[in-house]
Amino acid sequence: MSILSGKKVLLGVTGGIAAYKTPLIVRLLIKQGAQVKVVMTPSATDFVTPLTLSTLSQNPVLSSFTEEGVGDHAHWNNHVELALWADFMLIAPVTSNTLSSMVNARCNNLLLACYLSAQCPVFIAPAMDLDMYAHPANQKNMALLESFGHIIFPAQEGFLASGLEGKGRMMEPEDIIATLTSQLEKDSPLYGKSVLITAGPTHEAIDPVRFIGNHSSGKMGFALAEEAARQGAKVVLISGPTALSPKNSQIELIRVVSAQQMHTAVFQHYHKVDIAIAAAAVADFTPAEPAQQKIKKKTGLPEINLIPTVDILADMGQQKKQQFLLGFALETENELDNAMAKCTKKNADAIVLNSLKDTDAGFGGDQNKITFIQKNGTTASFELKPKTEVAVDIFAQITASL
Ligand code: CTP
């Protein structure tokens, strides 16, 4: 399956003769399973018709901030919404005029407004006559756009619309798609991988209204899920009760309550994943016989008989085949030795040791300080940092070990 499958692409088209090739770009993107919305500058509509592009993209083509509506009700095209919808933005062709506007944050058309609002990767395919392309002003603008983190698809040598021959042709649509694909694959080290993550606490019922639980917020597990999805993985997130919801639509969230439910959900997916991460703070004990009705005060202090919960990580370790299995450990003494022993006992490939020594680290907080311990004893320690950044470090360690 192509990495473009399911991707939301905002395609910007500006007013250059190479715009006649954009229908082919749309066609190729759609063929690979992408969703495409096209935004044109007003002058681009002189070179290729919005009807052609809307037919091929199966979406309305937008070229102004407002559309004629029924009666007095004009419709406003929300550039922020459009820009946030996109997984990436491709602007092809880009004229000298638009290059300069992008660099200078000019915002006099819908395409520029979308570009300035975009939080996603931006790919730019310039096209102009050879002398214009070689002009230091345009070369400087392209270098500046690269310094913003955008990717330029350089113009190609060949026949130009002016009748001259040289470097200035827009990269051919097939090459744009091939370059785009390899760039996206490079940016997605987990592309093609599936990742299972447990997160949050579990609640073990005492009676229909009370439970044994813990203070886990689920933030670390959810941050790991977001990072895995951002790096292109297919993610199943199995979470105990938390107030969080995943942002990335590629994350499949399964909500559970108890350790037993988490175990059942995990083993519905475990056999087919490449990476499994046990970030949940699973309760170690559960009431042997939860009361069917609310326990009343007048019956006196209840005696609650506890039995151990099923150890999900240990069971994953026992049934491990192709999976890279990562556990978490929270220790208060002999931290490294205890974490290493836990890694071996549960047959994990690595374990993340959470430190409780820093205020704001660990349970409930937004930050964490970890040591990543491989089963061969190699360790990597990291500074106290936001859990979103800890997730990046953890996946860097995992991909290095795969
Ligand atoms: N874990 C699990 N199922 C359990 C208990 C723990 O999957 N019933 C996982 C956690 O998600 C974590 C790892 O095991 O990845 C370590 O959990 P921890 O509670 O620190 O270890 P325990 O084995 O419970 O040992 P102890 O509490 O005695 O330190």
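Predicted model: local features only at pLDDT ≥ 70, side-chain atom pairs only at ≥ 80, totals over all residues.

Student: Is Lys346 buried or exposed?

Tutor: A residue counts as buried when its relative accessible area is under 20%. Lys346 has a relative accessible area of 15%, so Lys346 is buried.

Student: Which residues is Lys346 in contact with, leaving aside its neighbours within four places in sequence?

Tutor: Lys346 is in contact with Asp311, Leu313, Ala314, Gly317 and Leu325.

Student: How do I read a sheet, and what is the strand order here?

Tutor: Strands of a sheet pair through backbone hydrogen bonds, in a parallel or an antiparallel way. Here eight strands form an open sheet with mixed pairing, in the order S14-S13-S10-S15-S18-S19-S21-S22. Strand S14 (251-255) and strand S22 (379-381) are the edge strands, each pairing on one side only. On average, neighbouring strands of this sheet are turned by 15° against each other, direction ignored.

Student: Which helices pack on the sheet?

Tutor: Helix H9 (residues 219-230) packs on the sheet and touches S10, S13, S14, S15 and S18. The direction of H9 makes about 170° with that of S13. Helix H12 (residues 335-345) also packs on the sheet, touching S18, S19, S21 and S22. The direction of H12 makes about 145° with that of S19.

Student: Where can I see each kind of pairing?

Tutor: For antiparallel pairing, look at S19 (residues 350-354) and S21 (residues 370-374), which are joined by five bridges. Ala350 has Gln374 in S21 as its bridge partner. For parallel pairing, look at S15: four bridges join S10 to S15, and S15 pairs with S18 over four bridges in the parallel sense. Ala276 in S15 stands opposite Leu196, and the bridge partner of Ala276 in S18 is Leu325.

Student: Which way do the side chains of S15 point?

Tutor: In a regular strand, side chains alternate between the two faces of the sheet. From S15, Ile275 and Ile277 point one way, while Ala276 and Ala278 point the other way. All four of these residues are buried.

Student: Which residues make a nonpolar surface patch?

Tutor: Ile17, Tyr20 and Phe47 make a nonpolar surface patch of about 310 Å². Phe47 lies in the loop between strand S2 (35-40) and helix H2 (50-57). Phe47 counts as partly exposed because its relative accessibility is 35%.

Notes: Residues numbered from 1 in each chain as written. Heavy atoms only, no water. Patch = residues over 30% accessible without salt bridge, like charges linked within 9 Å, V, L, I, M, F, W, Y side chains within 5 Å. Areas by Shrake-Rupley, 256 points an atom, 1.4 Å probe, with all protein chains shown as cover. Salt bridge = Lys/Arg side-chain N within 4 Å of Asp/Glu carboxyl O. Helix = DSSP H or I, 4+ residues; strand = E, 2+ residues; numbered from the N terminus. Buried < 20%, exposed > 50% of the residue type's maximum accessible area, 1.4 Å probe, protein only. Pairing = 2+ DSSP bridges. Axes fitted to C-alpha atoms, helices over the stretch in contact; angles between N-to-C directions. Contact = heavy atoms within 4.5 Å.
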